[in-house]
Amino acid sequence: MPPLDLTADEVLTTTRAVRRRLDLDRPVERALIEECLRLATQAPTGRNRQRWDFVLVTDPAKRAALADLYRLGLARPRQQVVRDGTDRGDPVRGRRIAESAQYLYDHLHEVPVLLVPCIRVQGRHENASHVGQANTWGSILPAVWQFMLAARSRGLGTAWTTPHLHHEREAAELLSIPYETVLQAALIPVAHTIGTDFRPGPRTDVDEIAHWDTW
């Protein structure tokens, strides 16, 4: 499938979290996923160590089990997630986002591909400090975002989700991921989109967030 006729700026500004517009009935070609992965692995990574791995779940039974862990993470989280503090989001869009999230909750097991990006570590103690976390996640998140950009340019939709990480050990057992030396970063649904016309989302004006030389 040839890439969509989008400029780089259009890809960057219209790669949205896609939930309700995921095509649950259309298979995703393995070759298309591999194209996106090749582009993903061109991302920068700390000291060029390339510690990433990508688990692609297409087996219906495993997708269903992984979706159940996602739902369990929302219903019975094991860690407290602080939601206070700065919120620059558009409150008017809150209901639409909630409805979109509910749709994914109900249909995640039907998405044709579930991607679990991972990063190898010597041990989970590496993330004990803020610097350790920055080093670890900074070596996998750029690659995942490049995958999502590549997917957008090929008519695929994605969304970053993390609730299943509350039950990461169970997901590791399900997918035979070495739990002590491989960290899971997210759970990303991947499917063709229903239509390809996505627009930039509302964002805070740059003048409000840019700090030149001092806060």
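Residues are classed here as nonpolar (Ala, Val, Leu, Ile, Met, Phe, Trp, Tyr, Cys and Pro), charged (Asp, Glu, Lys and Arg) or polar (the others, Gly among them). The model is a predicted one, in which local features need pLDDT of at least 70 and side-chain atom pairs count only at pLDDT 80 or more, while totals for chains, interfaces and linings use all residues. Residues are numbered from 1 along each chain as its sequence is written, and side-chain values use heavy atoms, with hydrogens and water left out.

The chain contains eight helices and five strands, assigned as DSSP runs (H or I of at least four residues for helices, E of at least two for strands) and numbered from the N terminus. Their order from the N terminus is α-α-β-α-α-β-α-α-β-α-β-β-α. The radius of gyration, taken over C-alpha atoms, is 18 Å, close to the 17 Å given by the globule rule for 215 residues, so the chain is as compact as a globular protein of that length. The globule rule is 2.2 Å times the number of residues to the power 0.38. Along the principal axes, the C-alpha atoms fill a box of roughly 50 × 40 × 35 Å.

Two helix pairs involve α3. Axes are lines fitted to C-alpha atoms, for helices over the stretch in contact, and angles run from 0 to 180 degrees between N-to-C directions. Angles under 35 degrees count as roughly parallel, over 145 as roughly antiparallel, 65 to 115 as roughly perpendicular and the rest as oblique. Helix α3 (residues 60-75) packs with helix α4 (residues 94-107) at an angle of about 135°, their axes 9 Å apart; the two are therefore oblique to each other. In this contact (heavy atoms within 4.5 Å), Y70, R71 and L74 of α3 meet L104, Y105, D106 and H107 of α4. By class these residues are four nonpolar, one polar and two charged.

The axes of α3 and α7 come within 10 Å and cross at roughly 175°, which makes α3 roughly antiparallel to α7. K62, A65, L66 and L69 of α3 and E170, A171, L174 and L175 of α7 form the contact, with six nonpolar, no polar and two charged residues.

Points are joined across faces, edges and corners, and a volume is the space filled by probe spheres set on them.

The largest pocket has a volume of about 1100 Å³. Its lining comprises 34 residues, of which V81, T162, P163, L165 and H166 are closest to the centre. Helix α4 gives the most to this lining, six residues, and the classes are 17 nonpolar, eleven polar and six charged. The second largest pocket, of about 910 Å³, is lined by 24 residues, with R16, A17, R93, R96 and I97 nearest its centre. This second lining has eight nonpolar, five polar and eleven charged residues.

One cavity of 30 Å³ or more is present. The largest cavity holds about 60 Å³ of space, and its lining includes R16, M148, R152 and F198. Strand β3 gives the most to this lining, with three residues. The cavity lining divides into four nonpolar, five polar and two charged residues.

Technical notes. On a 1 Å grid over the protein atoms alone, a cavity is a set of points where a 1.4 Å probe fits but cannot get out, and a pocket is an open set with protein on both sides within 12 Å along at least five of seven lines; lining residues have an atom within 4 Å of a point.
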